[in-house]
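Trainee: I want to go through this model with you and ask what stands behind each label.

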Amino acid sequence: MREKVEQYRAYFFLIPGLFFLFLFTYLPIMWAAWLSFNRWNLLCFKPKFAGMANYVKLLHDDVFWLVMKNTLVFVTVSIFPTMFLALIFAILIDERMKGRVYYIYSLFYPTLIPMAAAAMLWVYIYSPNLGILNVFLAKLGLPKLGWLGSSSTSLWALIIITFWKNLGFFMLIYLSGLQNVSRELYEAAYIDGAGWWRRHVSITFPLVAPTSLFVLVTAIILTFRVFDQIHLMTEGGPGNSSNVIVYYIFENGFKFFDWGKASCLTTVLVLILLTLTLIIFGIFGKRITYSSD
Amino acid sequence: MKRMYFFAIALVMVFLFFASTASAKVNIKFYYPVGVAGPLVKVINGMVAKFEKENPDIHVEPVYAGNYNQTMQKVQTAVLGGNPPDIAVVEISELFSLLQMDAIIPLDKYIEQEGGDKFLANFYEGFLGNAYGRDGKIYGFPFQRSTPILYWNKDMFKAAASKLKAAGLDANRPPANWDELVKYAKILTIREGNQTKQYGVIIPGGWNDWIFEAFSRQNGSQLIKEDGLTVTFNSPENLEALELWVKLMQELKVCPVLRPWNITPDDFIGGVTAMMYYSTGGMAKIRKTAKFNWGAAFQPKKKRYGTPVGGGDFHIFKGIPKKNQDAAWKFVKFMASPEMAGLWSIESGYVAVNKNSYDRADMKAFLKKFPQMTVAREQLNYAYPKMMAVNYQLIRNAMTTNLDAALEGKKTPEKALKDAHKLMEEAIKGQ
């Protein structure tokens with residue numbers, strides 16, 4: 001009996017949270033899913049049921065496929081190198097006691113700068129003739145690149161700034177994760193004659209796996225919803241070469257005012273993210289059961 | 001205790017007094033874009049402060065809303081959210097979209113009060129061409145108005161004088177037509193190994209659809225007809241224009257591909273290019289920072305001189321109290337007065353929309369010092385209204401995306417024009 005009451009109490013306390021979650025997350029998702037079956041744009045000012053028309057159009061939209069490809073490249077290329085390097089830096093800082101605070105500051109600093117300010121800064125760094133990056137390239141005798149102004153480099157330019165921005169943040173998470181790894185394990189491995197690289201591959205990497213899972217999920221969220229730098233630096237251009245799905249949704253919804261298409265894209269994004277989350281927690285979540293305690 | 005009550009009541013009364021005076025003031029929200037490189041936000045704030053001083057019963061809240069695209073997005077979102085601004089300046093091609101949303105009011109009544117056609121005669125006709133809806137009513141009022149012009153670095157021309165002379169060209173004048181543009185650009189390009197030290201010309205990206213419209217006009221064509229419905233993007237004349245661009249960028253490599261719009265003036269100032277196509281609205285920055293002799297000229301002609309006008313107009317919105325609309329008109333009128341239009345022109349490089357600005361002594365003295373500032377105004381004689389159509393953001397995206405693809409060599413000019421043409425027709429029909 002008493003347990004039952006406890007249970008009800010728990011539900012009772014969940015109500016306010018669930019109410020807002022429902023109002024601002026689930027309801028809009030359902031609303032967008034419904035709108036995705038409607039034609040609704042500047043010339044058709046009231047939603048009009050159109051069946052699968054938006055989805056069919058999407059399949060024939062070259063820009064949509066380009067945007068999906070860009071998103072895939074952006075997410076994979078910016079997540080894994082960032083995670084790997086963040087872990088390496090965390091290990092180096094963790095081992096080097098002297099002056100570590102300065103290393104942490106200098107790596108973490110970009111995370112503290114608001115993305116809007118950082119983006120404006122990088123616009124000048126990327127400036128084709130006067131920017132510091134091209135000046136360096138020229139000094140090295142390499143050809144200057146178009147960076148933001150060229151469709152072959154614009155996406156990479158955005159990946160670089162995202163990498164620069166996220167590295168310190170992930171490094172800090174890893175650094176705290178490393179504190180849970182018992183020192184004795186390293187000492188034992190050291191006595192057994194394991195080298196630096198072997199010690200970390202066999203001890204650190206598996207033992208920070210829970211941290212890695214957390215970082216991975218955070219990184220996926222951060223990179224899938226990338227928006228500020230694109231909006232401020234390239235507006236998805238040139239020729240949609242740096243356009244990714246969230247920006248494409250924004251463009252369709254708030255620039256071209258085609259809400260039907262924007263809702264359709266949103267629904268696609270929700271489905272992708274849902275699948276990804278299920279995969280990550282379904283497969284990786286179960287396996288990570290180590291603990292160093 | 002009694003004293004406390006008295007004090008409290010006095011306090012409440014003081015509050016009420018301030019509250020009532022505050023509500024007597026009309027609050028005007030004013031969204032505006034800055035579409036060129038340069039510190040123009042400060043200039044706008046200064047003009048607003050002056051207006052408030054002359055009209056103490058009106059408070060204007062200027063909101064810098066980003067570039068033209070971003071400003072239109074902000075306006076559209078605000079209108080649909082039921083919280084429109086009182087006044088906004090948006091890019092002139094957006095008029096039909098604003099009308100489609102039923103967002104703005106006609107200004108005919110206000111203009112009638114000011115004296116009707118006699119009042120309008122104070123303003124350049126070329127700038128009023130984009131102000132009218134299909135119903136013949138006037139919905140916009142000119143403010144930051146421009147044409148693209150050709151800037152040229154006189155020192156670089158001089159330095160190449162002997163080479164230019166050998167080719168039968170004059171180093172003391174800019175190119176007058178497309179053929180000359182190619183010749184000058186070729187000679188003025190300086191290469192060192194695999195690096196280009198100096199470009200002949202920059203036709204920037206970002207607003208290349210606008211510059212492209214100018215080339216189209218110079219060749220006797222246009223992008224969309226005046227009705228806002230008939231797309232002519234895929235015309236043979238436009239193909240010739242695009243082929244010229246591709247030749248400059250891909251074949252001759254005398255013009256960088258898709259140089260970002262906002263950075264191009266820096267390239268000109270930094271001596272990276274001998275010529276550039278840019279809005280006259282960027283001239284103040286060049287005037288203040290370029291450390292060499294420079295000139296401004298008409299864009300070279302093909303069949304004729306030609307250019308679209310450009311820039312942004314004021315619009316007054318629906319769904320706000322009448323007293324706000326009246327106050328908004330007062331502000332518009334103030335900004336278009338000879339004094340303010342002249343000040344704006346001097347500080348930015350845009351053309352003063354009010355003809356009387358040019359009769360003012362300060363303007364005359366200024367133009368004597370910087371005759372380059374008169375070029376855009378004189379080019380108005382060859383100017384046409386800019387293309388207008390509903391769903392303009394979608395149309396513009398179709399144009400720039402395909403122009404970009406052609407200029408980067410990823411599509412043939414024929415295919416780029418054909419693809420854009422199809423997308424533009426779909427956008428106009430809302431499919």
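Mentor: We will take the labels in turn, and keep in mind that this is a predicted model.

Trainee: Start with chain A. How many helices and strands does chain A have?

Mentor: Chain A has 13 helices and two strands. Its C-alpha trace spans about 80 × 75 × 30 Å along the principal axes. Of the 293 residues in chain A, 36% are buried. Among contacts in chain A with a separation of 6 or more, 68% join residues 24 or more positions apart.

Trainee: What makes the relation of α7(A) to α10(A) roughly antiparallel?

Mentor: The angle. Helix α7 (residues 154-178) of chain A and helix α10 (residues 209-224) of chain A pack at about 155°. The cut-off for roughly antiparallel is over 145 degrees, so α7(A) is roughly antiparallel to α10(A). Their axes are 10 Å apart. The crossing is right-handed.

Trainee: Which residues of α7(A) and α10(A) meet?

Mentor: From α7(A) come Thr162(A), Asn166(A), Phe170(A), Ile173(A), Tyr174(A) and Gly177(A). They meet Thr211(A), Phe214(A), Val215(A), Ala219(A), Leu222(A) and Thr223(A) of α10(A). By class, this contact has seven nonpolar, five polar and no charged residues.

Trainee: Why does Trp147(A) count as buried?

Mentor: Count the neighbours. Trp147(A) has 24 C-beta neighbours inside 10 Å. Buried needs 20 or more, so Trp147(A) qualifies. Trp147(A) sits in the loop between α6 (132-139) and α7 of chain A.

Trainee: How do you know whether Leu112(A) is buried or exposed?

Mentor: By counting again. Leu112(A) has 11 other C-beta atoms within 10 Å. With the limit for exposed at 12, Leu112(A) is therefore exposed. Leu112(A) belongs to helix α4 (residues 100-112) of chain A. The C-alpha atoms of Leu112(A) and Gly168(A) are separated by 9.4 Å. Along the chain these two are 56 residues apart.

Trainee: Now chain B. Why is α11(B) called largely enclosed?

Mentor: Helix α11 (residues 208-218) of chain B has 11 of its 11 residues buried, so it is largely enclosed by the rest of the structure. Among the buried residues are Trp210(B), Ile211(B), Phe212(B) and Phe215(B). Asp209(B), Glu213(B) and Arg217(B) are buried as well. Gly220(B) follows α11(B), with a positive phi near 80°.

Trainee: Which residues make the contact between α11(B) and α12(B)?

Mentor: Phe212(B), Phe215(B) and Ser216(B) contribute from α11(B). Glu237(B), Asn238(B) and Ala241(B) contribute from α12(B). That contact has three nonpolar, two polar and one charged residues.

Trainee: How is chain B divided?

Mentor: Domain 1 is 22-146 + 310-359, and domain 2 is 148-308 + 387-429. The C-alpha centres of these domains of chain B lie 29 Å apart. Their contact takes 22 residues from domain 1 and 20 residues from domain 2. On the domain 1 side, α4(B) gives the most, with four residues. That side has seven nonpolar, 13 polar and two charged residues.

Trainee: Last one. How many residues of chain A and chain B are in contact?

Mentor: 25 residues of chain A are in contact with 28 residues of chain B. The chain A side has 12 nonpolar, 10 polar and three charged residues.

Terms used:
Residues are numbered from 1 along each chain as its sequence is written. Chains are lettered from A and ligands numbered from 1 in the order in which they are written. This is a predicted model: local features need pLDDT of at least 70, side-chain atom pairs count only at pLDDT 80 or more; totals for chains, interfaces and linings use all residues. Domain bounds come from an automatic or database domain assignment. Two residues are in contact if their C-beta atoms, placed from the backbone, lie within 7 Å. Ala, Val, Leu, Ile, Met, Phe, Trp, Tyr, Cys and Pro count as nonpolar, Asp, Glu, Lys and Arg as charged, and the others, Gly among them, as polar. Axes are lines fitted to C-alpha atoms, for helices over the stretch in contact, and angles run from 0 to 180 degrees between N-to-C directions. Angles under 35 degrees count as roughly parallel, over 145 as roughly antiparallel, 65 to 115 as roughly perpendicular and the rest as oblique. A crossing is left-handed if the near helix is turned anticlockwise from the far one by less than a right angle, and right-handed if clockwise.
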